[in-house]
Amino acid sequence: MQHDLTLHNSELLRTRNFIAGTWRAAAGGATLPVTDPANQRLIAEVPDSSADDAQQAADAAYAAFPAWRATPAKARAQVIKRWLALILANQDDLGRLISREQGKPLAEGRAEVLYAASYVEWFAEEAVRICGDVIAPPVVGRQMFAIKEPVGVVAVITPWNFPAAMIARKIAPALAAGCSVLAKPAEDTPLTALALVHLAEQAGLPAGVLNIICASRAQTPAVVDAWLADGRVRKISFTGSTPVGKHLARESAATLKKLSLELGGNAPFIVFDDADLDAAVQGLMAAKFRNGGQTCVCPNRVYVQAGVFEAFADKLAAQVGALRVGPATEADAQIGPMINERAVHKILRHIDDAVAQGAKVLVGGHRVREELGPNYIAPTVLAGATKAAALCAEETFGPVVPLFRFEQEDEVLRDANDTPFGLAAYFYSQDVRRIARVASALECGIVGINEGAVAAEAAPFGGVKESGYGREGSRHGLEDYMHIKYLCQGGLA
Ligand SMILES: NC(=O)C1=CN([C@@H]2O[C@H](COP(=O)(O)OP(=O)(O)OC[C@H]3O[C@@H](n4cnc5c(N)ncnc54)[C@H](OP(=O)(O)O)[C@@H]3O)[C@@H](O)[C@H]2O)C=CC1
Ligand SMILES: O=C(O)CCCC(=O)O
């Protein structure tokens, strides 16, 4: 195997599946190349798994569940805390691994390790606070309790845009609740996930409690279908696109699994006449250009009230035009390559379609750094896009800001909500009555009010409508991995 990735801790580069406490090749021996989106060079090869591997992993997780469930919460928390300590001790290497396979600038890769660690810490702390209810009985001679139990074996399926944070915020609460886990990372970014699992093994997690298998885009449906059909798998936690989320919901109906679905967004970002414009520009820059715009809570449609439209557009275009695009190996890069050519084609299609329908390019609008590879897009601001443009209806998932002018509050709320999605929304205003009205009217799971950076381990993250259901982070993120059992003891009179 050829690779030129040097890590301080070379043990972090794992290239096998981890099932029942052993690192194994795929049952059929197939492998899958992992390439650097910055230059398309091979980084490593990992197993390209099949339904056989999925079955072995499910057997292991099912066998390990009773003992892990019976492990006292404090002991589970201690293992998770050791995992946290190892993640933090390897922050630099993990950050480099993230940047290498995903493409984000190194500062963002390192920041993502801390972001992932914040969920691990949070759920280690929450593990020991799992409580139920003592219920006042309606009749004499009874005691009634509601207790919480782990749901069982959980399959977690994660995307490529946050290779550490997405898997950490699913695995940590699952382990805290007492569930055993089957993990399948995205084809593009399995290496960070494998490194995290290696650290969990080092932390002393018992064999079979956490299993991970890698698969290519072609093999993934067979792997996940095996888990969907398996009645022993009691929950699926998925972050990714809405069509795949709907497929999981349909197919898990046969065994009625519990589901957490964190799906696509189409976030509106609204700037009212009374906003602090500089704060609004800063908020938009932070929210939109994190991970090069490849984030499900990124603003996708920016609505600016007529009285401040030109001033806002000028300030924004100046800042966007100054963003530096480049690979993570360039220390001053702020926007990395897009994840793959599929993503690049979608972004360019959105720009071309908007321009064909009358939008004006204020800055960007094309590929850049083509001498390095095909995946670099110039950060782009478009003015005058119409509602008919594809980028108004679909998530662009790239560094493109379309600006729409509006006149009235009720008009912009209608447009903001005119989408099947409902993950995040943002608005900037200094009028307290408007803040209360607009926050209530927006149809979404997360609202940033004069704030562009909304995600935190202590907050419930998730959507409504076709952006899915379930919450990650906060105490609600732990509830999603448990069910309630009601105990009724009679004959006590
Ligand atoms: N909500 C969010 O955070 C995200 C939203 N998206 C949105 O989705 C668009 C497409 O991105 P993409 O990466 O294709 O997202 P997908 O939904 O295809 O991928 C997310 C995860 O689902 C897996 N997957 C794909 N097909 C199936 C299937 N049939 N059954 C079970 N699991 C499956 C993927 O595996 P594999 O990689 O092997 O295909 C990956 O692990 C983006 O442009 C963006 O709009 C994407 C990522 C995250
Ligand atoms: O884009 C995503 O996949 C959701 C994660 C973003 C966040 O946690 O802020």
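1. Two strands are taken to pair if DSSP finds at least two bridges between them. Helices (H or I, at least four residues) and strands (E, at least two) are DSSP runs, numbered from the N terminus. In β10, I236 is the bridge partner of A155.

2. This is a predicted model, in which local features need pLDDT of at least 70 and side-chain atom pairs count only at pLDDT 80 or more, whereas totals for chains, interfaces and linings use all residues. Residues are numbered from 1 along each chain as its sequence is written, and chains are lettered from A and ligands numbered from 1 in the order in which they are written.

3. Strand β7 (residues 153-157) is largely enclosed by the rest of the structure, because five of its five residues are buried (20 or more other C-beta atoms, placed from the backbone, lie within 10 Å of the residue's own). V153, A155 and I157 cover one side, and V154 and V156 the other. In a regular strand the side chains alternate between the two faces of the sheet.

4. β7 runs parallel to β10 (residues 233-239), to which five bridges join it. Five bridges also link β7 with β8 (residues 180-184), again in parallel, and A155 stands opposite L182 in β8. Between β7 and β8 the chain passes through helix α5 (residues 165-177) in a right-handed β-α-β crossover (with the strands pointing away from the viewer, the path from the first strand over the helix to the second runs clockwise).

5. A separate point concerns an open sheet of three strands, in the order β5-β6-β22 with antiparallel pairing. Its edge strands, β5 (133-135) and β22 (482-489), each pair on one side only. Three bridges join β5 to β6 (residues 143-150), and I135 stands opposite M144 in β6.

6. Which residues come nearest to ligand 1? They are P159, E187, G240, S241 and C296, of the 24 residues around it (a residue is near if its C-beta atom, placed from the backbone, lies within 6 Å). Helices α7 (220-229) and α8 (242-251) each supply at least two residues of this shell; α7 gives the largest share, three residues.

7. For residues 23-486, UniProt lists "domain: Aldehyde dehydrogenase" in an unreviewed entry; such annotations may be inferred rather than shown by experiment, and UniProt positions are given in the numbering used here, with feature names shortened. The end C-alpha atoms of residues 23-486 lie 40 Å apart, and the span is 41% helix and 21% strand.

Conventions: Buried ≥ 20, exposed ≤ 12 C-beta atoms within 10 Å, placed from the backbone.
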